[in-house]
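Hi,

Here is the structure I said I'd pass on.

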Amino acid sequence: MALKIVKGSIDRMFDKNLQDLVRGIRNHKEDEAKYISTCIDEIKQELKQDNIAVKANAVCKLTYLQMLGYDVSWAAFNIVEVMSSSKFTYKRIGYLAASQCFHESTDVIMLTTNQIRKDLSSPNQYDTGVALTGLSCFVTPDLARDLANDIMTLMSHTKPYIRKKAVLIMYKVFLKYPESLRPAFPRLKEKLEDPDPGVQSAAVNVICELARRNPKNYLSLAPLFFKLMTSSTNNWVLIKIIKLFGALTPLEPRLGKKLIEPLTNLIHSTSAMSLLYECVNTVIAVLISLSSGMPNHSASIQLCVQKLRILIEDSDQNCEPSVNACMKYLGLLAMSKILKTHPKSVQSHKDLILQCLDDKDESIRLRALDLLYGMVSKKNLMEIVKKLMLHVDKAEGTTYRDELLTKIIDICSQSNYQYITNFEWYISILVELTRLEGTRHGHLIASQMLDVAIRVKAIRVFAVAQMATLLDNAHLLTGNVQRKGICEVLYAAAWICGEFSEHLDNPTQTLEAMLRPKVATLPGHIQAVYVQNAAKLFATVLKSQEGNTDSTAAQETSQLMIDRLPLFVQSANLEVQERASCILQLVKYIQKLQQKDVEIAEEVIALFAGELNPVAPKAQKKVPVPEGLDLDAWINEPPSESESEDEQPRAIFAKEEPKHSRPRHTEVDEKELAKRREARKQEQANNPFYIKSSPSSQKVYQEAPGVEHIPVVQIDLSVPLKVPGLPMSDQYVKLEEERRQKDRADKKKKEKKKRKEKRSGRGKRHDSGPESEEDITPAHMVDIVTEEMPENALPSDDDDKDPNDPHKALDIDLDNLMEMAGRRPLADSEKLPVRSHRAAEVLKSPAQDGDAESAASQEPKKKSSKEKREKKKDKDRDRKKSKEDKKKKKKHKHEEKGEDLLGGQAEEPVVQSEATSEVAAPPTSTTAEVSDLDFWLSNAPVPSNTQEAATVVAAAEAAPTSEVASGTAPDSEPDEPKDTETEETKSSKHKKKKQKKEKEEKEKKKKKKHHHHHHHSDGGGEESVQNGTVEEEEPLPPMSNYCLLAENSYIKMMMEDADKVNDIQGNLQDGSQVVVSVIFENKCDSFLKSMEFNVLDSLNSKLQRPEGSGPHDGLTVPFQLPPGVSNEARFVFTMQSIITPQKLKGTLTFIVKNEDSSTHEKLDFKLHFTCTSYLISTPCYSDAFAKLLESGDLKCSSVKLEGVVMPFHHLLARICFRHHFSVVERIDSCASMYSRSIQDHHVCLLVKTSGQTVSIDAKCDEPTLLGNVLDEIKQTFSQC
Amino acid sequence: MIKAILIFNNHGKPRLIRFYQYFAEDMQQQIIRETFHLVSKRDDNVCNFLEGGSLIGGSDYKLIYRHYATLYFVFCVDSSESELGILDLIQVFVETLDKCFENVCELDLIFHMDKVHYILQEVVMGGMVLETNMNEIVAQVEVQNRMEKSESHMERMLLRRHLEPLSPHSHELG
């Protein structure tokens, strides 16, 4: 043995070590490859030896060779050998080599599991550390599964060095084995508050990585992170947290409000640029997530922009220049984010950004370009592009210049050429761009030319002239080999000249230019276009010449074609050849006819008749399946009724004149419609910026007078644009300036006139202040034809996530894990696997105790694990208790402070009083968590927002204790718009209060608690009356909001009907929660007890059950019912999607107890969640309403109700009451209404009545929801 | 996440490569070449960020680098990392190297690639930042170096017992 060691050591002395290898390679620069191959041979020999020191040395050298690009995977087994050495020195070498060259398909990895496990549990922390580090690089799904449990144990290691490594590697384990996330998460969360800052930082790091991909699952951690943010001094941790908040704020605007203050403080106080920058970034994210325009945030924006400006323009003398450049870069990057939402604040720094275009750093220039893209307006477009053109001239290096070129085109063409006021200018810019040498973007320029010429009719004359010049000077473009890319432009030029040849001044000359022999050197596809368009030109020329008495000219043209075309017939390009020979034959035939003096121009022209309109690339895909058309249905079945609906006028809500809502018969209707359509067309045709979007545009095109009749402002060009290659766009800038001045002067004159005419001073729209966007009138009456799309084209929905994203698997709900104590215990299948035969050796964490059960099949083990589990349960119970106590305490404190108890009911002890026994939502973990978060968020110190105030009121209204409810409900009334309240409305309110009383009597409930429902319905009714005249209107008929759910001889279950989703508070906070109130009424004369309420969950909707109960367990109704008594219980449901109605089957079981006997009874029922029940009546002001409609985000639909005999205000009240709408405005027999769903869909209605017909036009951002709501409204009225 | 850490010299010769995502060796070399090509043509006073090389990751990734004397330190990171934070981290890493090697120069990295790896392992683990405090990093590296020394010392003692007659200072030949 000893001899062996000695022998190995001697061998080793003569081996090369790493340093020798490096030195050797450096000495063999000429034949490096050869030298290395001999070295590899030596290494192979060394690896064959038994001595581990020799092997380790060899592996170390292999690691170096791997860096040089040599594949060393053949030594994988030896690496594993070295890894398993007992010596730290060798182990480290082995793990390093493994981490450099192992990957998922390295098959020896599966041999390492046990070795790694041994190292992880080594008493030496550095063995463990090395193993963790190595594993982090080559962990596979198998390793992750087998070792997850061991690593999780290490997260609680005594040494912080191991803890932080274990925490970090968990992220890799999650990625490879997503099932481990749920069981490991509670401990990971614990580590956020680890005493060691390194471990804390690691935990923050991991959670931030997780949350970045699936932010919504981590929202409930926000309070914890907030605490960390305000307490931590580690910039690295702060940066991570602040970045995380940036990802969370879009999901929860209230969070953003809370963040603004501490972030602003950090911005002011920190000296670390990295932290400052991230703060600014997150503030921007917050401001983006909050609806813009709030006055108290403009300060924050200003602060951000100001700091960014400093970042951009200041260069710190102490810093390296490159770091200053970095700041500049980042400053611009952040600016571009602000630009999206607050363009005004950035636009004022245009000077700074233009300055950055001169920076020597290309990435800074590119950033500045990006910013410019968003900064252009009608006013400054020409100026900015002029600057950019200067840079194009200066730019050396084609990549940047190409970038400039594409940016110029992007800037000009953005949002459908929105900012271009003068298309002649744009065409000349495009022509100028063709002068660029060696650009790759010829096709881009070409497609722009085509697009503009096709879509802007008015520009065709000018474009054709320019293109003809280009064609004439084609040699300038093609002369140089370098200019190959740019000859694409000729493709566009030829096509434009051919297609719009009627506008050519001198078509013969252009024809001649297109048939020059030099054309044959162009690429085939361009030649093909030349040939085809030469034919078009030929037709035009014939037409023009046929009028003349002299027929020789026409014949000469034909002869020209016949002379030149054979060149193309011989082309090697098939397309060119085919077209040329076809056209040649045609021309020859024409020539024959010409010689017989036959007039053929008309017929030749007919070859190319018709107009081409662009079709959107996605048009076909977007053709919606017509409503009612089932592609799978039998064809022979009767056709659906969908047609009638399709004929409905599409434009709803355009403030129609009252005459439209006058009663009209169908015949008149048709006529009227036709008339209006005509009028609209006329109007559209006269509107320069009307963008035709319907497929009928083609038709409209031919019928409507079109743009030809519109007086086109002719620009007197002072410089004839004859020579391409001369900058001429500049002229336009000047002209434009003059024109605008003139415009302004004109406007002022008109203004004065107007003012003289109208002394009323009402229409003070054109304020003669500084020139605004809208004031700039386009120089050309242009008609931008959009690409054709099918009617009702579906909104684009192409942003699919990458299906291969590994983070998809980590989208796991973690909320109910937060409280560790297993509120929703991990299912057996979820627990981390522990290999049974090793179970005894493995260090076990308490959380994993239960696992042994699944793993161990032996009897004795099972027993012990059971015992342990029980112990653990006890512990958990204790912990829970203390936690609850704590919560109570906390709550108490807040009550004293008099703050609203937002969502606090979950932990509230059940209050039993004789009149009402309020059963709060079942205390499930989710509600508790969520309400914690809500509670935390609700303390946001920015109450200025009206919406916020409304939330608070709603919350107060719905607060669980009866005192609070009764106390605040009346208080909230003043919150209703008071000023509009008239005597009449007040009286009607009284009336309603009476009704309310009646109702209450009828339902035998004297519960204060219900106050807020009624109040709520009052609110709706009140608003419906507010705007209307009330005097002669009869009182509203009583409406009950409870409906029968189920009934038998013992018990009656009533559910709140329309108002079933009564708990507004829950809904506002969590878009997926719905609270159902059910009244249980004892109808028999026995005692009812042990009631259990159970519902069969569907995929979409689930009953929230208390902690620890399974998905099929029932909920105990927390009261008993003496004979004749009724009581109410509430149940919380979680909904995924609210756009369709839901039906849930349920059962109520209970025991009927007489003096002598007791029986078990059950009652089945069906809960029907209508879409209406997801709507919350939300007041909306008419201007906000109008804005919403204008936004164009909403889809529309409509419904007609026949035979409705109730007065209009009843009708409105009914919609308000049953369907949770509020009236926005009411004019005569027409009213607009608004409501919002719990998931923030806007629903707008326009209700019009005429006789017995009520038509409801509706708009909503969610068409399915809208459809269902309309169906439900229809249903409501068909019942009466 | 950090996707890769590359150290190469002014001629593009790799001195340390550490990929946190698997790439085959030839691909790794190609990435080094491309990165060198991107980075080397930039002035020293321009911005230290580059938008993703097409080879690694695509648009979400950025190259963040620093140039020290003859060496480029390049970190390829995704958007979850703070750019300026990574710049600081590179600085910490280089200062740590300087402390561990005592006035570090390219030669140290050339001949002790393994040691540089061990230091890096205390800074970044599996693509995530492990430690940013230089003293802590240096302390951990030193403890492990001492362990290695004591192990080799033990071996030496063992050797010496057997090799006394041959050569007392044989280990220094290696």
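This is a predicted model: local features need pLDDT of at least 70, side-chain atom pairs count only at pLDDT 80 or more; totals for chains, interfaces and linings use all residues.

**Where the chains meet**

Chain B puts 68 residues into the contact and chain A puts in 77. Together they bury about 6,500 Å², with carbon and sulfur atoms giving 59% of that area.

As for polar links, 33 residue pairs are in polar contact between chain B and chain A, counting pairs with both residues at pLDDT 80 or more. Which element of chain B gives the largest share of the side that touches chain A? That would be helix 5 of chain B (residues 134-163), with 13 residues. By residue type, the side of chain B that touches chain A splits into 28 nonpolar, 21 charged and 19 polar.

**Salt bridges**

Side chains of opposite charge can pair when their charged atoms come close. Over all chains the structure has 37 salt bridges, and seven salt bridges are found across the interface of chain B and chain A.

Two pairs to click on:

- A:Lys164 with B:Glu131, where the closest N and O atoms are 2.6 Å apart.
- B:Glu148 with A:Arg92, where the closest N and O atoms are 3.1 Å apart. B:Glu148 sits in helix 5 of chain B and A:Arg92 in helix 6 of chain A (residues 88-101), so this pair joins two chains.

**A sheet in chain B**

Chain B has an open sheet of five strands, in the order 2-1-5-4-3 and with antiparallel pairing. At the edges are strand 2 (14-19) and strand 3 (49-51) of chain B, each pairing on one side only. On average, neighbouring strands of this sheet are turned by 15° against each other, ignoring direction.

Inside that order, strand 4 (residues 62-68) and strand 5 (residues 71-77) of chain B pair in the antiparallel sense over seven bridges.

What lies across strand 1 (2-9) and strand 2 of chain B? Helix 4 of chain B (residues 113-123) does, running at about 40° to strand 2 of chain B.

**A sheet in chain A**

In chain A, look for an open sheet of four strands with the order 8-6-10-11, again with antiparallel pairing. Its edge strands are strand 8 (1115-1116) and strand 11 (1158-1169) of chain A, and each pairs on one side only.

Strand 6 (residues 1087-1095) and strand 10 (residues 1142-1153) of chain A pair in the antiparallel sense over seven bridges. Here A:Leu1088 stands opposite A:Val1152 in strand 10 of chain A.

Cheers

Key. Residues are numbered from 1 along each chain as its sequence is written. Chains are lettered from A and ligands numbered from 1 in the order in which they are written. Side-chain values use heavy atoms; hydrogens and water are left out. Contact means heavy atoms within 4.5 Å. Buried area is the accessible area (1.4 Å probe) that two parts lose on being put together, summed over both. A salt bridge is a side-chain nitrogen of Lys or Arg within 4 Å of a carboxyl oxygen of Asp or Glu. A polar contact is a pair of N or O atoms within 3.5 Å; within protein, one must be able to donate a hydrogen and the other to accept it, and residues adjacent in sequence count only if both atoms are side-chain atoms. Ala, Val, Leu, Ile, Met, Phe, Trp, Tyr, Cys and Pro count as nonpolar, Asp, Glu, Lys and Arg as charged, and the others, Gly among them, as polar. Two strands pair if DSSP finds at least two bridges between them. Axes are lines fitted to C-alpha atoms, for helices over the stretch in contact, and angles run from 0 to 180 degrees between N-to-C directions.
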